[in-house]
Amino acid sequence: MSPVRARMALLALALGGFSIGSTEFVAMGLLPEIARDLLPDLSVSNPEESIGRAGWLITAYALGVVVGAPTIAAASARFPRKAVLVGLGVAFTLGTVASALAPTFELVVAARFAAGLPHGAYFGVAALVAAEILGPKKRGQAVAYVLVGLTIASVIGVPLITYLGQQSSWRIAYLAVAGLFALTTIALMAVIPVSAANPNATIRRELGAFRRPAVWAALLTASLGFGGFFAVYSYVSPLATEVTGTSSSFVPIVLAVLGLGTTIGILGGGRLADQMGAVRAIFWLFGGLALSLVVLGLTAESVVGLLVGVFLVGAAAQGLAPAIQTRLMDVAEDSQTLAAAVNHSALNIGNSLGALLGGTVIAAGFGYLAPTWLGLILVVPGTLFALLGWWITRRAAVPVAA
């Protein structure tokens with residue numbers, strides 16, 4: 001590929017990440033509006049519980065990612081990657097339109113589940129295409145370039161679409177996201193190079209990744225570690241309005257600052273994984289995430305503390321994403337498509353877990369700051385599973401004495 005064509009292909013892949021970030025995170029800034037529209041009676045009688053229940057939309061999407069990533073990735077591994085990416089773009093468009101048009105809370109939850117199904121497979125296949133373009137020595141950066149579209153969505157897409165939803169309707173916001181997916185599909189068709197099918201990439205071979213203990217350790221690292229981030233992110237809107245005391249119009253600014261942190265973090269995490277190794281990068285980033293959660297928990301009552309805290313949390317947490325995905329690609333051997341995709345299942349188990357547990361502690365009356373301290377607790381098992389994965393591979397590398 002020429003350098004210009006390569007840059008265009010990377011931009012198209014990142015545009016997909018931007019669209020996915022918009023559809024995944026826009027609900028987090030519109031939970032109060034969604035609760036008032038879909039759960040009007042509960043919103044009047046118990047506002048905290050209605051917002052906690054509206055968080056089920058976030059959980060449903062995340063569960064769709066968990067289910068879809070391994071199944072779609074394994075089933076599509078033998079097909080040309082460009083065709084797979086275009087098909088996933090179409091599925092995203094249709095699922096997001098359904099989310100906007102579904103008339104009841106239950107149907108919106110079901111539509112969000114369906115919309116999440118292509119998520120992990122897209123990022124998995126896109127990461128492999130980007131790695132082919134950049135070469136094997138820049139895998140961490142290749143993953144970061146694909147994921148950076150997701151984090152730029154946090155800076156630009158999510159705040160703008162949140163504002164659009166606040167001024168019009170959350171349904172209009174989702175229709176705008178569906179337009180982004182349609183544009184992504186066209187871009188993928190235009191600039192992604194055609195690649196040959198891989199008849200040797202069978203479902204059985206791809207699923208073989210799950211026989212490796214180090215793969216499970218990496219997945220648990222992602223699931224529990226990212227639960228801490230999403231416990232905060234899912235309820236950042238009420239955190240800003242009820243704890244810090246800002247107006248709802250200030251929420252898009254908070255989301256933009258958090259998104260800026262995630263963008264810087266994800267690019268830095270990819271470079272760290274390439275330079276110092278994925279395992280060492282994971283340990284450093286978990287330490288940074290724990291420290292940033294403490295900062296947020298202690299200072300969120302002030303506007304400056306809130307902005308600094310969410311920036312640091314976003315940077316440390318999203319830095320983990322390319323490091324963990326690179327680690328999975330290291331330990332998955334010949335199951336590369338599944339390994340690249342299933343990381344997003346793990347991350348969205350963290351999304352689902354964080355949103356669910358965060359909503360639970362809020363509904364139980366512990367307040368809107370409680371998810372921050374919950375996130376700090378979840379960092380501990382995430383770090384322990386990272387340590388377990390390191391021990392497994394180190395033990396396997398040591399030759400057994402005769």
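Leaving aside its neighbours within four places in sequence, with which residues is L13 in contact? The model is predicted: local features need pLDDT of at least 70, side-chain atom pairs count only at pLDDT 80 or more, and totals for chains, interfaces and linings use all residues. Residues are numbered from 1 along each chain as its sequence is written, and side-chain values use heavy atoms, with hydrogens and water left out.

**View 1. Surroundings of L13.** Apart from neighbours within four places in sequence, L13 is in contact (heavy atoms within 4.5 Å) with L85, Y122, A126, V129, A130, V146, L188 and I192. L13, L85 and Y122 are also, together with Y233 and L289, the residues that touch the most other members of the largest nonpolar core, which has 117 residues. Such a core is a set of buried Ala, Val, Leu, Ile, Met, Phe, Trp, Tyr and Cys residues joined through side-chain atoms within 4.5 Å. Helix α1 gives the most to this core, with 15 residues. A second, separate core of five residues includes A69, A73, A209 and L338.

**View 2. Helix α1.** Helices (H or I, at least four residues) and strands (E, at least two) are DSSP runs, numbered from the N terminus. Helix α1 covers residues 3–38, 36 residues in total, and reaches 49 Å from its first C-alpha to its last. This is close to the 52 Å expected at 1.5 Å a residue, the expected span being 1.5 Å times one less than the number of residues. A bend of about 75° occurs in α1 at L30, and the proline P32 follows within four residues; the bend is the angle between axes fitted to the seven residues ending there and the seven starting there.

**View 3. Surroundings of H119.** H119 lies in helix α7 (residues 119–134). Its relative accessibility is 1%, so H119 counts as buried. Beyond neighbours within four places in sequence, the contacts of H119 are I20, E24, Y61, V65, F92, H344 and N348.

**View 4. The protein as context for the close-ups.** The protein has 17 helices and zero strands. Buried residues make up 58% of its 402 residues. Among contacts with a separation of 6 or more, 84% join residues 24 or more positions apart.

Definitions and conventions: Buried means under 20% relative accessible area, exposed over 50%, partly exposed in between (1.4 Å probe, protein chains only).
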